[in-house]
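Q: I would like to learn how to read a model like this one, going from the whole chain down to a single side chain. Could we take the features one at a time?

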Amino acid sequence: MSVMSMYNAVILIVVDCVGLFGNVSFVLLTLLFKQFRKSMCALLMGMVSFCDSVMEIVIIVISICGLSGCTFYQHTCFHILAIPIFLNCVQTGLMFCISVDRLIAVAWPLWYQSIHTTLLFTVSFVPGVAFGSVVVITGLVYLEPNETIPVCNVPVSMNPTTFNLWNKANLGINILMILIYLIACFILWRKARKSSSDYIKTQVTVMKTIICIMVFYIVTWLLPDFISLVKEGFALEHEVLTYAPSFFAHLCFTGNFYIYMWRNKSYRECFKKMCMGVYGERNASLLVTRMESSNRVATTTVY
């Protein structure tokens, strides 16, 4: 293993450990506090963090093995990463469903509030599970010759057919998410100009937080492809450019918890309570609840 490879492995371990702490904390917050379990968007973000956690645990173990001098083989690498790859596809599907969730919430609020959370939560897994199943099956069917590989990560573990399917599908889903958020933001902007109701104010707050998450997710997801295109287009051979895409790809999985801590007081307060071992039903007062004076309908911000 070269010196640059060792530095890269150490950096990825550090990044993944930081991300793992945040994602596990996010999952625990979702499980321990009822207000987050009752929110569709919060539930989906909790599942996204769970999927990210599995990927980070596996990559940390693989990176440690790489530092210890282990030799990786194509088939073994793909078999080890098959479940994380599947969950990564599920995560992509969930991120897409969150964008649809936000669009429905601002465009058809009455219908959105009448939908049963359990049904919507279950349906949200369908796109990601279908996507993940196709990617993993394709990877198993078109396995490359079982040769040694320098590192074991998601792109390297895949054969060209599977990688192109996975990469282009992710690119298409990200573009579609951007379009959906643009439409949702435009609808919300128009409604906010005409109404200052508590529901609209809540949706504006929610949208700002989710957009921060999505911008971080999409930028860190697209940067590896951009760096690879620049490297190939200008025939650049610098070793840093070989490892830089993996850094941004791993950074993609770390942001959820830290952005929520920055943007959302309710999550911050619940995290403090969790650290002190105080959680459960008595923390319901941490909800940010606004009461409509006209119809006495409570709207809750937990995002």
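Q: Among contacts between residues at least 6 apart in sequence, what share joins residues at least 24 apart?
A: In this predicted model, 78% of the contacts between residues at least 6 apart in sequence join residues that are at least 24 apart.

Q: How many helices and strands does the chain have, and what percentage of its residues counts as buried?
A: The secondary structure comes to 13 helices and four strands, and of the 303 residues in the chain, 47% count as buried.

Q: Where does UniProt place the feature "transmembrane region"?
A: The unreviewed UniProt entry places this feature at several spans, among them residues 54-74, 171-189 and 210-230, and such annotations may be inferred rather than shown by experiment. In the model, residues 171-189 are 100% helix and 0% strand, with the end C-alpha atoms 27 Å apart, whereas residues 54-74 are 71% helix and 10% strand, with the end C-alpha atoms 21 Å apart.

Q: Turning to one side chain, is Thr 220 buried or exposed?
A: Residues are called buried when their relative accessible area is under 20%; Thr 220 counts as buried because its relative accessibility is 4%. Thr 220 belongs to helix H10, which covers residues 198-233.

Q: Which residues does Thr 220 touch, if those up to four places away in sequence are not counted?
A: Thr 220 touches Phe 248, Ala 249, Leu 251 and Cys 252 on that basis, and a polar atom of the Thr 220 side chain also lies 2.6 Å from the backbone oxygen of Phe 216.

How values were computed. Residues are numbered from 1 along each chain as its sequence is written. This is a predicted model: local features need pLDDT of at least 70, side-chain atom pairs count only at pLDDT 80 or more; totals for chains, interfaces and linings use all residues. Side-chain values use heavy atoms; hydrogens and water are left out. Helices (H or I, at least four residues) and strands (E, at least two) are DSSP runs, numbered from the N terminus. Buried means under 20% relative accessible area, exposed over 50%, partly exposed in between (1.4 Å probe, protein chains only). Contact means heavy atoms within 4.5 Å. A polar contact is a pair of N or O atoms within 3.5 Å; within protein, one must be able to donate a hydrogen and the other to accept it, and residues adjacent in sequence count only if both atoms are side-chain atoms.
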